[in-house]
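Work through the following exercises with the model open beside you, and try each task before reading its solution.

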Amino acid sequence: MRILVRLPNWLGDFVMSTAFITALRRHAPDAEIHAIIKRELSPLAAFVPELDRVFPFSKPDAPGLLGLSRYARQLRQDGPYDVAFVLPESFSSALLARQTGARERIGFAKELRSFLLTRAVPKPKGRHRVQEYAALLEAFTGDPPGELRVALPDSQAASPPDPAPILLNFNSEAQSRRIPVGMARDILSQVLDRWDRPVQLTGSPKETAHSEAIAAGFDPRRVTNLAGKTGLMELVATVREAALVLSPDSGVAHVTNAVGTPLVVLCGASNEHETGPYNPGSHRVLRAPGLECAPCVANTCRFGTPKCMLQLEISRILEAIEDLLPSR
């Protein structure tokens with residue numbers, strides 16, 4: 001059996017989809033599993049051993065309908081796929097699956113695209129994103145998917161430094177989840193006062209200015225700003241080597257959950273029951289109580305600066321870090 005999976009485009013969603021891939025391999029141990037993955041995320045396929053082949057994809061490489069058609073022809077050079085799973089909810093992802101000639105095409109019934117799928121699955125309500133993806137597999141097999149766990153395994157991971165650093169991520173693609181500079185500087189200052197460990201800041205290249213504003217004036221011998229200086233593979237290694245990670249609900253948080261590093265998640269606009277850390281274990285999810293507007297799950301806060309973040313008590317954040325931080 002030849003199976004094609006269109007993987008999600010965002011880092012956090014990609015990490016959450018690893019549970020689907022593992023369950024798919026468990027269901028079809030002898031299948032040839034290929035995946036379409038956003039080009040920027042393609043290095044992370046090295047952490048998904050269940051995949052036999054990976055096809056990087058970007059819209060500039062395949063612009064418009066003609067570009068999708070050319071890309072689909074490349075995918076079917078070795079013959080048609082038996083099954084294509086479409087995890088993203090976009091019209092174009094379902095259209096691409098249709099153009100590959102896959103005999104069965106399974107995805108969520110969204111965005112007027114159901115006619116492109118042979119099995120349009122209603123998106124489950126009130127379930128975690130990991131379980132949503134698994135519902136597509138269950139619709140195909142008719143059986144529950146079994147144990148679901150997100151993972152980015154690495155058999156060659158280096159031993160963590162001693163003392164291992166505390167990694168602080170104050171960034172998010174969504175403005176509503178980003179920690180404001182003033183609050184972030186207060187957290188950083190109190191972490192430095194309380195723990196004699198190196199501290200690292202992280203962020204993507206476009207989040208560099210935000211991280212620089214947070215790090216300004218702090219002792220560079222204790223605070224290292226890695227924002228914009230690490231690729232995805234280096235990010236995973238940095239998270240794996242950290243003593244603890246503090247982050248909003250973001251791709252960094254999901255990477256942390258997948259590799260098993262202790263994690264404190266600051267939740268505001270996001271719904272932790274749908275997109276929070278999935279694996280049980282060493283993590284705490286903190287939310288400011290009593291806000292009627294949260295979780296709004298919007299990417300942009302209608303108030304400008306997100307109150308759901310500002311009203312989180314820093315004392316609670318420090319207590320959560322204290323609970324999870326290894327003694328050494």
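The exercises below treat a helix pair, a glutamate and the nonpolar cores.

The model is predicted, so local features need pLDDT of at least 70 and side-chain atom pairs count only at pLDDT 80 or more, while totals for chains, interfaces and linings use all residues. Residues are numbered from 1 along each chain as its sequence is written, and side-chain values use heavy atoms, with hydrogens and water left out.

**Exercise 1.** Describe how helices α1 and α8 pack.

Solution. Begin with the geometry: α1 (residues 11–27) and α8 (residues 251–259) pack at an angle of about 25 degrees, and their axes are 7 Å apart. The helices are therefore roughly parallel, a label given to angles under 35 degrees. Next, list the contacts (heavy atoms within 4.5 Å): Leu11, Gly12, Val15 and Met16 of α1 meet Gly251, Val252, His254, Val255 and Ala258 of α8. These residues divide into six nonpolar, three polar and no charged.

**Exercise 2.** Is Glu132 buried or exposed?

Solution. Locate Glu132 in helix α4 (residues 129–141). Its relative accessible area is 6%, so Glu132 is buried, the cut-off being under 20% with a 1.4 Å probe and protein chains only. Leaving aside residues up to four places away in sequence, Glu132 touches Phe108, Lys123, Pro124 and Arg127.

**Exercise 3.** Which residues touch the most other members of the largest nonpolar core?

Solution. A core joins buried Ala, Val, Leu, Ile, Met, Phe, Trp, Tyr and Cys residues through side-chain atoms within 4.5 Å. Among the 51 residues of the largest one, the answer is Val5, Leu7, Phe20 and Phe85. Helix α1 supplies its largest share, nine residues.

Note on methods: Axes are lines fitted to C-alpha atoms, for helices over the stretch in contact, and angles run from 0 to 180 degrees between N-to-C directions. Helices (H or I, at least four residues) and strands (E, at least two) are DSSP runs, numbered from the N terminus. Angles under 35 degrees count as roughly parallel, over 145 as roughly antiparallel, 65 to 115 as roughly perpendicular and the rest as oblique. Ala, Val, Leu, Ile, Met, Phe, Trp, Tyr, Cys and Pro count as nonpolar, Asp, Glu, Lys and Arg as charged, and the others, Gly among them, as polar. Buried means under 20% relative accessible area, exposed over 50%, partly exposed in between (1.4 Å probe, protein chains only).
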